[in-house]
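Q: Hi! Could you walk me through this structure, one topic at a time?

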Amino acid sequence: MERRHLVTSAKLAAILLLSLPLAACLTSDDSSPTTFTDDRGVANQPFPNNYRTETLAFMRTYLNNPVGVREGAIADPVQRTIGGRLRYVACVRYSAKDLDGGYRPAVERGVLFVDGRLDRIIENATESCAGVSYASFPELERMAR
């Protein structure tokens with residue numbers, strides 16, 4: 001019994017000691033979070049070539065009811081500084097159905113792209129979408145479940 005306890009303790013100690021070098025690799029000298037790319041937020045990001053397709057796929061899951069969207073419009077992605085980092089933002093404007101079947105007033109959202117891929121949506125996009133030119137986005141209005 002004592003031998004089994006000793007073997008278990010030795011294994012646990014080995015696991016803990018082996019994890020320390022890995023933990024040291026993930027620390028950094030500055031206060032920025034650990035990233036696995038060399039992007040520090042100041043370099044130009046690649047243009048999101050598939051921004052319309054990715055935005056449409058995301059909106060299908062983002063909206064409670066993606067059927068019957070009205071006033072769909074999208075602006076070409078522009079580079080903006082978001083959270084201290086240079087990112088592409090494509091602005092989307094639409095009016096979606098409420099749960100009771102009525103329509104809400106049109107809202108404006110920013111779709112944030114990192115490394116050319118959709119990252120997240122910005123709910124309060126007034127500042128990020130200032131001065132953009134919208135074009136019709138009929139694919140958004142034709143969405144199905």
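Q: Let's start with Glu123: is it buried or exposed, or something in between?
A: Something in between: Glu123 is partly exposed, with a relative accessible area of 43%. Please keep in mind that this is a predicted model.

Q: Okay, and which residue does Glu123 form a salt bridge with?
A: Its partner is Arg109, and the closest N and O atoms of the two are 3.4 Å apart.

Q: Where do Arg109 and Glu123 lie?
A: Arg109 is in strand E4, which covers residues 107-114, while Glu123 is in the loop between E5 and E6. The pair therefore ties together parts that are 14 residues apart in sequence.

Q: Is Arg109 buried or exposed?
A: Arg109 is buried, because its relative accessible area is 15% and the cut-off for buried is under 20%.

Q: Why would two side chains like that pair up at all?
A: Side chains of opposite charge can pair when their charged atoms come close.

Q: How many salt bridges are there in the whole structure?
A: A search of the whole structure finds four. One of them joins Arg52 and Glu139, with the closest N and O atoms 3.1 Å apart.

Q: Which helices do Arg52 and Glu139 lie in?
A: Arg52 belongs to helix H2 (residues 51-62) and Glu139 to helix H3 (residues 138-141). That is why the pair ties together parts 87 residues apart in sequence. Arg52 is partly exposed at 28% relative accessibility, and Glu139 is partly exposed at 28% too.

Q: New topic: how many disulfides does the structure hold?
A: It holds one disulfide. Cys91 and Cys129 form it, and their sulfur atoms are 2.0 Å apart.

Q: Where do Cys91 and Cys129 sit in the chain?
A: Cys91 is in strand E3 (residues 85-95), and Cys129 is in the loop between strand E5 (117-122) and strand E6 (134-136). The two are 38 residues apart, and the pair links distant parts of the chain.

Q: What's the handedness of the link between Cys91 and Cys129?
A: The link is left-handed, with -100° about the S-S bond.

Q: And are those cysteines buried or exposed?
A: Cys91 is buried, with a relative accessible area of 1%. Cys129 also counts as buried, at 4% relative accessibility.

Q: What about E1 and E6, in which sense do they pair?
A: E1 and E6 pair in the antiparallel sense, over three bridges. There, Ala75 stands opposite Tyr134 in E6.

Q: Last one: where is Asn65 found?
A: Asn65 is in the loop between H2 and E1. Asn65 is buried, with a relative accessible area of 18%.

Q: What does the side chain of Asn65 reach?
A: The Asn65 side chain reaches the backbone nitrogen of Val67 at 3.2 Å. Leaving aside its neighbours within four places in sequence, Asn65 is in contact with Lys97 and Arg145.

How values were computed: Residues numbered from 1 in each chain as written. Predicted model: local features only at pLDDT ≥ 70, side-chain atom pairs only at ≥ 80, totals over all residues. Heavy atoms only, no water. Disulfide = S-S within 2.5 Å. Helix = DSSP H or I, 4+ residues; strand = E, 2+ residues; numbered from the N terminus. Buried < 20%, exposed > 50% of the residue type's maximum accessible area, 1.4 Å probe, protein only. Salt bridge = Lys/Arg side-chain N within 4 Å of Asp/Glu carboxyl O. Pairing = 2+ DSSP bridges. Polar contact = N/O pair within 3.5 Å; in protein donor to acceptor, adjacent residues only side chain to side chain. Contact = heavy atoms within 4.5 Å.
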